Amino acid sequence: MNIAVIGAGVIGITTAYELAAMGHRVSVFERHGAAAEEGSFANTGIASAGYAAPWAHPGMIKHVLTHLWQRDTPLRISSPSMGDWKWLWQMRKACDNATFARNRTNILRLAEYSGHRMRTLTDTLNLEHERSQGLMVLLRSARDIERMQGSLQVMRDAGLSFKTLSDQEARVIEPALDPQALLAQAIHFPEDEVGNCRQFTLLLKSEAETLGVNFHFNASVLPLSKAQPNTIRTTEDQTGETFQAVVVCAGLASSQLLRPLGLRIPLAAVHGYVISAAVREPLDAPRSGVIDEQYKVAISRLGHRVRVSGGSEIGGNAKRHNPASIKTLYRVLDHWFPGAARTQDNVQVWKGARPMLPDGPPLVGASGVSGVWLNLGHGASGWALACGSARVLADSINGKSPDIDLQGLGLERLNLRR
Ligand SMILES: Cc1cc2nc3c(=O)[nH]c(=O)nc-3n(C[C@H](O)[C@H](O)[C@H](O)COP(=O)(O)OP(=O)(O)OC[C@H]3O[C@@H](n4cnc5c(N)ncnc54)[C@H](O)[C@@H]3O)c2cc1C
């Protein structure tokens, strides 16, 4: 088949690769001059099945309300648009126990499959993407431990492997943890990984090119037209190029591209901050990834750099940085790994958007419009879910039954108005 993929983030590139590996003729259209320039640019790099959970969960509303006015709040809502309010309302409706459990199970199935597929691609193609093994969740207090129990039970029920560690045991795995920093307990996920999402995407792009994928950079695709949904146009006066299938992997911009087809995809930009700094002293730096559960801040080791991320903002200005959110990242890094990174100079500060659907799981599958397919809305877990989403979508386009059940990952769950 002759197939167009719109978007060259981690989702578009993995999709293009899988389709090309199955023998299709694939063209990728990307509005930037290179792959992974938007949401996939500098994310934390944690590929965790346990942490790929919907944000819409039973304690969410209480959590948002109690933290809203705090300086260190992990979630800020500022000048939300009507669309943001609508999205928040839809998220609220997905916070009940039954909906959460369903969405949690559906994401987990995809995340576990995705982890396997990522490891297979990495090993068979020899992709060097600053990988390290294991993720540890750091719990500062008895309150953190208590709050964590619900999530741990879900993970236990799902058969995920993790271990509860004492302070001493945790320091064997991450010896650079500051001895002064009190650790009530840690949860270790030995099968999770940290890796450089952008580097992986660029390496896989080269592999896709080797398989014959045609890349069109600096090509901003116009919204798909109802009359010719499989035709890609980048300027109004073009007749465009028609494909047998079009896969929309355009991150946040996907809703705009699909709107003329009558699909109103409720995607919100949930912004977060990431600082990346050179390792100052390797013995003082983390070996892999840790998450400070209280502040929802993640610290990861990517080769010679330490990356710290956190904060979630709905609404507000995408370009403007919130100094308090960035300060929290430095503070949490300094608390657990003082002296790990050179934070005085050459620190890369990135504000990125998580393309998030209100209930959590991404949309992977048919759009309901002949020849138009969806792989979008991966929210805070696009790196963890990319390889699996790409493979199941490619199988579906190929008419082959995917290796996992796609229940709950399709459009039907959102009850969209046409
Ligand atoms: C702060 C932060 C930390 C994160 N940490 C993690 C993490 O630790 N683990 C994890 O799993 N996930 C993480 N994520 C989430 C992850 O980064 C995203 O889910 C993922 O990158 C989304 O990939 P994507 O390909 O869908 O979107 P993008 O990477 O945004 O790609 C979409 C592409 O489509 C292109 N495009 C859009 N419109 C058009 C058009 N009209 N024509 C042509 N091209 C178009 C864009 O230019 C872009 O390149 C994090 C995100 C943030 C913001």
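Q: At what angle do α1 and α10 pack, and how far apart are their axes?
A: α1 and α10 pack at an angle of about 35 degrees, and their axes are 8 Å apart. Axes are lines fitted to C-alpha atoms, for helices over the stretch in contact, and angles run from 0 to 180 degrees between N-to-C directions. This is a predicted model, in which local features need pLDDT of at least 70 and side-chain atom pairs count only at pLDDT 80 or more, while totals for chains, interfaces and linings use all residues. Residues are numbered from 1 along each chain as its sequence is written.

Q: What makes a stretch a helix or a strand here?
A: Helices (H or I, at least four residues) and strands (E, at least two) are DSSP runs, numbered from the N terminus.

Q: What is the handedness of the crossing of α1 and α10, and which residues make the contact?
A: The crossing of α1 and α10 is right-handed. A crossing is left-handed if the near helix is turned anticlockwise from the far one by less than a right angle, and right-handed if clockwise. On the α1 side the contact includes Val10, Ile11 and Thr14, and on the α10 side it includes Gly382, Trp383 and Ala386. Two residues are in contact if their C-beta atoms, placed from the backbone, lie within 7 Å.

Q: How do the residues of the contact of α1 with α10 divide by class?
A: They divide into 11 nonpolar, 4 polar and 2 charged. Ala, Val, Leu, Ile, Met, Phe, Trp, Tyr, Cys and Pro count as nonpolar, Asp, Glu, Lys and Arg as charged, and the others, Gly among them, as polar.

Q: Why are α1 and α7 called roughly parallel?
A: α1 and α7 (residues 197–210) pack at an angle of about 30 degrees, with their axes 9 Å apart. Angles under 35 degrees count as roughly parallel, over 145 as roughly antiparallel, 65 to 115 as roughly perpendicular and the rest as oblique. α1 is therefore roughly parallel to α7. The crossing of α1 and α7 is left-handed. Among the residues in this contact are Ile13 and Ala16 of α1 and Leu204 and Ala208 of α7.

Q: Why are α4 and α10 called roughly perpendicular?
A: The axes of α4 and α10 cross at roughly 90 degrees and come within 7 Å. α4 and α10 are therefore roughly perpendicular to each other. Residues of α4 including Leu110, Tyr113 and Met118 meet residues of α10 including Leu385, Cys387 and Arg391. By class, this contact has 9 nonpolar, 3 polar and 2 charged residues.

Q: How many residues of domain 1 are in contact with domain 2, and how far apart are the domain centres?
A: Domain 1 (1–47 + 96–128 + 195–261 + 359–418) and domain 2 (59–95 + 132–193 + 268–356) come from the domain assignment of the chain, and such bounds are from an automatic or database assignment. Their centres, taken over C-alpha atoms, are separated by 26 Å. In the contact, 25 residues of domain 1 meet 23 residues of domain 2. On the domain 1 side, α4 gives the largest share, 5 residues.

Q: Which residues come nearest to the ligand?
A: Of the 42 residues around the ligand, Gly7, Gly9, Gly251, Gly272 and Gly382 come nearest. A residue is near a molecule or strand if its C-beta atom, placed from the backbone, lies within 6 Å of it. β16 gives the most to this shell, with 4 residues. The shell draws at least three residues from each of domain 1 and domain 2.
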